Amino acid sequence: MKTIVNYRIPIKSWCADIEPGAMEQAVNLTALPFVYGHVAIMADCHVGFGMPIGGVIACKDFIVPNAVGVDIGCGMCAVKTSLKAQSLAPDTVRLLLNRIRSSIPMGFAHHKSEQNWEGFSKAPDIGVVQQELQSAKKQLGTLGGGNHFLEIQEGDDDHIWFMIHSGSRNFGLKIAEDFHGRALSYCNKHGLELPDKDLVYVPLESETGAQYLAAMNYALSFAYENRQRMKNRISDIFSEETRCGFLHEINIHHNFAAQETHYNRQLIVHRKGATRASKGLEGIIPGSMGTASYIVRGKGQADSFESCSHGAGRVMGRNEANRKLVFEQVRQSMKGIVFDAWPRGRKGKIDLSEAPAAYKDIDAVIAAQKDLIDVVVKLRPIGVAKG
């Protein structure tokens, strides 16, 4: 960890080579008067909207919508099966993935009928939540696109695992956009100077702040249930095809804000592309679609606000990856992994934005944060499905 001290508050960074744009965003965070103690930058840091992805801040009495991000509740679910590593032939992996694809809507696809969930009756009476409620009833239990994925893996614990990366679907995006606009109005009304127009904020105790927390927490519940629904369906498929049992599961968020105690103060910790890593808490740090992922256990390190990275982190933006990467080289990087369906953009061109070369070296990212986490299991992908 490196500490940079020449700002209003320090920046504490676990990122070995932070890109200039992300560093500028970290510096902008130090200028916000309510950010407490320091800004923490995780090992997978890269540029986001306003705040870098892989950034953590603890705030006194204020909430920053873009310090949570647009995919509220995006996170990971991992399940350890009773199957032994190397027990699944490629044809079986392909069969499992084909059944999963036919059962779980991916990309822009939704369920044809509304899904039942008791949480729908508990939606807060907040305009943007109510507006999205009907469409959300067909999105529950769907993967989405972009960097969301389903993966079958072999662990160095000698077991087969499967893993899901998904969030709150359109709920999170619409809530983020709505409250960013409301925060912008608040800052303009009060003539507040901002280091970046994307870092607008509202008081936690204001009506807008209270509504944001309620809407965000509802999106977190939806995102958790979304992953649970997919996990249950995949478990059924595994059970039907392999007669396996299920030994352990983890389901966590990595885009959220939470009221926590740090340095003997009540603060609201914003984790944007960062995972909670309290002492003894299990977490999931995925790599790219062609590289390892890790099950980890937090060490409760105070300087990171008890956080760690949420993944490998990008080294190329999506457009840059599609410009620079060569399909044959990308295909070779997936050798030995069952992956049949490269996504295509709206114009029909193969989308390489999620290729392994678009991401940092996950092993280097893990090594950079050994003071934040202990590795429990290393997982190697043997089959991948993406939206």
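**Close-up views of the predicted model**

**View 1. The loop that holds Gln 86.** Gln 86 is found in the loop between strand E6 (75-84) and helix H2 (90-103), where helices (H or I, at least four residues) and strands (E, at least two) are DSSP runs numbered from the N terminus. This is a predicted model, in which local features need pLDDT of at least 70 and side-chain atom pairs count only at pLDDT 80 or more, while totals for chains, interfaces and linings use all residues. Residues are numbered from 1 along each chain as its sequence is written, and side-chain values use heavy atoms, with hydrogens and water left out. Although Gln 86 is not a glycine, it has a positive phi of about 70°. Its relative accessible area is 69%, so Gln 86 counts as exposed; here buried means under 20% relative accessible area, exposed over 50%, and partly exposed in between, with a 1.4 Å probe and protein chains only.

**View 2. The loop that holds Phe 305.** Phe 305 lies in the loop between E15 and strand E16 (307-309), and it has a positive phi of about 55° although it is not a glycine. Is Phe 305 buried or exposed? Phe 305 has a relative accessible area of 0%, and it therefore counts as buried.

**View 3. Strand E15 and its two partners.** Strand E15 (residues 293-298) is mostly covered, since 5 of its 6 residues are buried. E15 pairs in the antiparallel sense with strand E14 (residues 282-285) over 4 bridges, and two strands are said to pair if DSSP finds at least two bridges between them. In this pairing, Glu 282 stands opposite Arg 297 of E15. E15 also pairs in the antiparallel sense with strand E17 (residues 373-386), over 6 bridges, and the bridge partner that Ile 295 has in E17 is Val 377.

**View 4. Strand E3 beside strand E2.** Because 8 of the 8 residues of E3 are buried, this strand is largely enclosed by the rest of the structure. Strand E2 (residues 11-13) is joined to E3 by 3 bridges, and the two run parallel. Across this pairing, Ile 11 stands opposite Val 39 in E3.

**View 5. The nonpolar cores.** Of the 53 residues in the largest nonpolar core, Val 129 and Ile 175 touch the most other members; a nonpolar core is a set of buried Ala, Val, Leu, Ile, Met, Phe, Trp, Tyr and Cys residues joined through side-chain atoms within 4.5 Å. Elements that each supply at least two residues of this core include helix H1 (20-30), strand E3 (39-46), strand E4 (53-59) and helix H3 (127-139). The largest share, 8 residues, comes from H5. Leaving aside residues up to four places away in sequence, Ile 175 touches Ile 72, Val 128, Val 129, Tyr 212, Ala 215 and Ala 219, contact meaning heavy atoms within 4.5 Å. A second, separate core has 37 residues, among them Ala 274, Ala 292, Val 296 and Ala 321.

View 6. The 20 residues of H4, at 1.5 Å a residue, should span 28 Å, and its end C-alpha atoms are 29 Å apart, which agrees; the expected span is 1.5 Å times one less than the number of residues. Among the buried residues of H4 are Phe 171, Ile 175, Phe 179 and Cys 187. Seen down the axis of H4, its buried residues fall within an arc of 145°, so they line one face of the helix, the arc being that of the directions from the helix axis to the C-beta atoms. These buried residues pack against H3, strand E9 (202-203) and H5. On the other side of H4, Asn 188 and Lys 189 are exposed. H4 is followed by Gly 191, whose phi is positive, near 60°.

View 7. The structure holds 0 disulfides, a disulfide being a pair of cysteine sulfur atoms within 2.5 Å. For Cys 15, the nearest cysteine sulfur is that of Cys 45, 5.2 Å away. Cys 15 counts as buried, because its relative accessibility is 9%. For Cys 187, the nearest cysteine sulfur belongs to Cys 59 and is 12 Å away, and Cys 187 is buried, with a relative accessible area of 1%.

View 8. Asn 255 has its place in strand E11 and, at 10% relative accessibility, counts as buried. Asn 255 and Gly 54 are 201 residues apart in sequence, yet 9.6 Å apart in space, C-alpha to C-alpha. When residues up to four places away in sequence are not counted, the residues that Asn 255 touches include Val 68, Asp 71, Leu 220 and Arg 271.
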